[in-house]
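Here is a short briefing to read alongside your structure. Keep the model open as you go through the points.

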Amino acid sequence: MRLSSILNGAHFGNLAKVHGIVTYKLSPFEQRAFAGAISNGVPNMFRRFRSNIFIVAPPFIVGYLIYDLTERKHTALLRKNPADYENDQ
């Protein structure tokens, strides 16, 4: 059986009849996609950043401090102890 015989020439958007539901659509040409993007969006971005900085930043700071301490300790352990070689000629 071919798919076109099942669909009876209907396109994908018209496969079913829906009764009792009202839908409203606005043409994409009538919408303002970037309405208020700068006047509302930029202040909202700063507000959201300020509200989340104290939640997100502390784990990153602690992680960086642990990483830095570990790297310094590793570098110090790689060095030779000069006291071990004082009596060598």
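The side chains of arginine 72 and aspartate 68 form a salt bridge, with 3.2 Å from N to O. A salt bridge here means a side-chain nitrogen of Lys or Arg within 4 Å of a carboxyl oxygen of Asp or Glu, and the count by this rule is 1. This is a predicted model, where local features need pLDDT of at least 70, side-chain atom pairs count only at pLDDT 80 or more, and totals for chains, interfaces and linings use all residues. Residues are numbered from 1 along each chain as its sequence is written, and side-chain values use heavy atoms, leaving out hydrogens and water.

**The salt bridge pair**
- Arginine 72 and aspartate 68 both sit in helix α2 (residues 41–78), 4 residues apart, or about one turn of the helix; helices are DSSP runs of H or I with at least four residues, numbered from the N terminus.
- Arginine 72 is exposed, at 58% relative accessible area, while aspartate 68 is partly exposed, at 23%.
- For these labels, buried is under 20% relative accessible area, exposed is over 50%, and partly exposed is in between (1.4 Å probe, protein chains only).

**Helix α2 as a whole**
- The number of buried residues among the 38 of α2 is 0, so the helix lies largely in the open.
- The end C-alpha atoms of α2 are 51 Å apart, which agrees with the 56 Å that its 38 residues should span at 1.5 Å a residue; the expected span is 1.5 Å times one less than the number of residues.
- Helix α2 has a kink of about 50 degrees centred on isoleucine 53, the bend being the angle between axes fitted to the seven residues ending there and the seven starting there.

Notes
Helices (H or I, at least four residues) and strands (E, at least two) are DSSP runs, numbered from the N terminus.
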